[in-house]
Amino acid sequence: MPNAIRGLTLACMIAALMSSLTSIFNSSSTIFTIDIWQRFRKNAHDWELMIVGRVFVMILVAVSILWIPIIRAAQGSRLFDYIQAVQSFLAPPVAACYLLGILWKRINEEGAFWGLISGLFVGMVRFIWEYSYTAMPCELERLDKRPSIVRFNFLYFSILLFVISGIVTIVVSLLTKPIPDKYVS
């Protein structure tokens with residue numbers, strides 16, 4: 001590519017990245033200040049909320065910077081694979097709870113809560129376990145000494161996590177009191 005087009009492409013990519021990051025930081029800051037900070041400080045002034053929001057964004061930026069070495073060690077420094085793996089540890093419990101909530105009237109709050117919590121716990125255990133080992137390149141697969149559960153592909157694990165979360169949601173819902181029919185449409 002010519003230098004001008006390469007520079008324009010790079011500028012567009014950086015602008016898209018900055019836009020995504022600012023929207024994520026802004027949303028996280030708003031959620032923290034409105035949903036968490038105001039519960040503890042009910043009469044907080046607008047200037048206090050603004051300062052808390054800015055400090056929270058700085059904390060998020062610091063955590064993001066400190067997280068870079070973990071991303072570099074994960075998945076052979078392939079950011080896309082890392083993002084997909086993290087999503088596969090977090091999204092299946094939410095999808096199972098949502099799908100069961102739509103398709104079955106017997107699901108209740110306790111079942112949904114424990115389905116989400118168990119899915120989060122199992123996903124976090126798998127996340128920590130997977131990233132405590134270094135992934136081997138494909139050509140050295142025969143020398144891989146990681147446990148077989150860690151070598152189990154994250155996409156297959158997400159199916160397993162979906163099933164586990166769904167089973168926990170169903171079992172807990174069946175063992176607890178159902179939602180009254182007048183509240184279920």
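Predicted model: local features only at pLDDT ≥ 70, side-chain atom pairs only at ≥ 80, totals over all residues.

Colleague: Start with the record. Which residues does UniProt list under "transmembrane region"?

Modeller: The unreviewed UniProt entry lists residues 51–70, 82–105, 111–129 and 150–175.

Colleague: How much helix is there over residues 82–105?

Modeller: That span is 92% helix and 0% strand, with its end C-alpha atoms 36 Å apart. Residues 111–129 are 100% helix and 0% strand, and there the end C-alpha atoms lie 27 Å apart.

Colleague: Which helix is Arg 126 in?

Modeller: Helix 4, which runs over residues 109–131. Its 23 residues should span 33 Å at 1.5 Å a residue, and the end C-alpha atoms are 33 Å apart, so the two values agree.

Colleague: Is Arg 126 buried or exposed?

Modeller: Buried: its relative accessible area is 3%, and the cut-off for buried is under 20%. Other buried residues of helix 4 include Gly 115, Gly 119, Gly 123 and Glu 130.

Colleague: What is Arg 126 in contact with?

Modeller: Leaving aside neighbours within four places in sequence, the contacts of Arg 126 are Phe 89, Ile 149, Val 150, Phe 152, Asn 153, Phe 154 and Phe 157. Arg 126 also lies over the face of Phe 157, at 4.8 Å from the ring centre.

Colleague: Take Ile 149 from that list. Where is it?

Modeller: Ile 149 is in helix 5, residues 148–151. Ile 149 counts as partly exposed, at 34% relative accessibility. Not counting residues up to four places away in sequence, Ile 149 touches Arg 126 and Trp 129. From Ile 149 to Ile 128 is 12 Å in space, C-alpha to C-alpha, and 21 residues in sequence.

Colleague: Back to the rings. How many aromatic pairs are in the whole structure?

Modeller: A search finds six. One of them is Phe 32 with Trp 37, a tilted pair with 6.5 Å centre to centre and 40 degrees between the planes. Another is Trp 67 with Phe 127, which is stacked, at 6.3 Å centre to centre and 5 degrees between the planes.

Colleague: Which parts does the Trp 67 and Phe 127 pair tie together?

Modeller: Trp 67 lies in helix 2 (residues 46–73) and Phe 127 in helix 4, so the pair links parts that are 60 residues apart in sequence. Phe 127 is buried, with a relative accessible area of 11%, whereas Trp 67 counts as partly exposed at 34%.

Colleague: Now helix 1. Where does it bend?

Modeller: At Thr 33, by about 30 degrees. Helix 1 covers residues 3–40 and reaches 54 Å from its first C-alpha to its last, close to the 56 Å expected at 1.5 Å a residue. Thr 33 is among its buried residues, along with Phe 25, Ser 29 and Phe 32. Trp 37, the ring partner of Phe 32, counts as partly exposed at 26% relative accessibility.

Colleague: Last one, Ser 158. What does it touch?

Modeller: Ser 88 and Pro 92, not counting residues up to four places away in sequence. Ser 158 sits in helix 6, residues 154–175, and is buried, with a relative accessible area of 15%.

Notes:
Residues numbered from 1 in each chain as written. Heavy atoms only, no water. UniProt positions renumbered as here; feature names shortened; annotations may be inferred. Helix = DSSP H or I, 4+ residues; strand = E, 2+ residues; numbered from the N terminus. Buried < 20%, exposed > 50% of the residue type's maximum accessible area, 1.4 Å probe, protein only. Contact = heavy atoms within 4.5 Å. Expected span 1.5 Å × (residues − 1). Phe/Tyr/Trp six-rings, centres within 6.5 Å; stacked < 30°, edge-to-face > 60°. Lys NZ or Arg CZ within 6 Å of the ring centre and 35° of its normal. Bend = angle between axes of the 7 residues up to and from the residue.
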